[in-house]
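This report describes one protein model, beginning with a single strand and then widening to the sheet and the overall fold.

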Amino acid sequence: MKTEVIHTKIHVEAGTKRGAEIIKKGGLVAFPTETVYGLGANGLNGWAVAEIFAAKGRPADNPLILHVSRKSDVKPLWLRKPRHADILMDTFWPGPLTLIAPCSDLVPDEVTAGLDTVAIRMPADKTARLLIQKSGVPIAAPSANLSGRPSPTRAQDVLADLDGKIPLILDGGPCRYGVESTVLSLAGAPTILRPGAVTREMIGALIGEVRVSDSILAPLQEDVPAASPGMKYKHYAPDAQVICVRGAPRAAAKKINELYRNAERERIACKIFATEQTKMFYNGKKYVILGDRNHSETLCANLFSALRDSDVQADLILAEGIETGDYGLAYMNRLLRAAGFQVIDVT
Ligand code: TXA
Ligand code: MG
């Protein structure tokens, strides 16, 4: 299959029209959102949704998010509107917040992976919204990467993973946030299953107490059932080994330099994920600056593309850890998973 790429910064109407034709026929379309690129299919058609799992090599028990273009479109999908849903939707939609609630019979088992709940979000990205509108159905979409790989934040990342496997990629340029949406379950006590740009602090300020799932910063225990099945799987991992070094900037940089020198001695190609505050410690070494340590937004926006780019150049990636407050939680959640929870603490 030839994979066509249409630039929606220029051809948004034509691109989304073509995309909607494919979705209506049960096909797959990769499209930009403000978080990461999604791989979409008609979310009410189980056969079409099954194609997503095949293209990504995604485990069948990992449910998908339905994407809608209007708030009122959640009505037929949820069994009933959960408590707090209205205020959360009014505040954060369209945007990077996914809400989970008990689902109606309209939602196919392929979307929910057999659970009795469904995850829904309304993306802010214009291409995404036009594609959903023109398709006339909710679009089921996971991130448009091969299962286990870092999520794609640029059309070229989608192409690297799915070229020849899907008919169309809508290229809207780099994604604004670069990490996936916050996933908040409203099926019981409000619980964040995956942190994102809508933070615990922001949600808490609106609805009061909100829990954070244990598996966000730690590997899931073998005998504990996963609240979010996606947490079980190896995630965001490049082929290169990733080590996260946590601690004060100067101490972390010292440790990273030591690891770098050891790797060099063994002729292992190495890359450092540095920050504005620490770049001066890495003179003469191969590093990339992800952003300001105190500005998690930028670090998040650059993490997945840096993982993908560095994977080509290095066999070992040494990354600084940051504080886990606010948006820092989303960064550390992705980085720790990419590192397979290999962490060195220097505090
Ligand atoms: O920003 C995003 O959310 C992107 C863009 C494309 O919208 N999508 C995305 O989808 O990240 P995906 O499939 O890569 O991640 C969805 C996560 C998984 O961890 C999945 O297990 C969880 O949401 N999830 C989906 N439905 C669920 C449900 N009913 N109960 C618990 N977890 C659910
Ligand atoms: Mg994903």
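## Strand S6

In this predicted model, strand S6 is mostly covered, with five of its five residues buried. Buried here denotes under 20% relative accessible area, exposed over 50% and partly exposed in between, with a 1.4 Å probe and protein chains only. Helices (H or I, at least four residues) and strands (E, at least two) are DSSP runs numbered from the N terminus. In a regular strand, side chains alternate between the two faces of the sheet. Thr117, Ala119 and Arg121 point one way from S6, while Val118 and Ile120 point the other way, and all are buried.

Thr117 belongs to strand S6 and counts as buried because its relative accessibility is 18%. Beyond its neighbours within four places in sequence, Thr117 is in contact with Ile100, Ala101, Pro102, Cys103, Thr112 and Ala187; contact means heavy atoms within 4.5 Å.

## Partners of S6

Two strands are taken to pair if DSSP finds at least two bridges between them. Strand S5 (residues 97-102) pairs with S6 in the antiparallel sense over four bridges, and Ala101 stands opposite Val118 in S6. Strand S4 (residues 65-67) runs parallel to S6 (residues 117-121) and is joined to it by three bridges. Within that pairing, Ala119 is the bridge partner of Ile65.

## The sheet and a helix across it

The open sheet comprises 11 strands with mixed pairing, in the order S1-S8-S2-S3-S7-S4-S6-S5-S9-S10-S11. Its edge strands, S1 (4-7) and S11 (211-212), each pair on one side only.

Helix H2 (residues 46-56) lies across strands S3 (38-42) and S7 (139-140), running at about 150° to S3. Axes are lines fitted to C-alpha atoms, for helices over the stretch in contact, and angles run from 0 to 180 degrees between N-to-C directions.

## Overall fold

The protein contains 10 helices and 16 strands. Its radius of gyration is 20 Å, close to the 20 Å given by the globule rule for 347 residues, so the protein is as compact as a globular protein of that length. The radius is taken over C-alpha atoms, and the rule is 2.2 Å times the number of residues to the power 0.38.

Of the 347 residues, 57% count as buried. Among contacts between residues at least 6 apart in sequence, 69% join residues at least 24 apart.

## Conventions

Residues are numbered from 1 along each chain as its sequence is written, and chains are lettered from A and ligands numbered from 1 in the order in which they are written. Local features need pLDDT of at least 70, side-chain atom pairs count only at pLDDT 80 or more, and totals for chains, interfaces and linings use all residues, while side-chain values use heavy atoms, with hydrogens and water left out.
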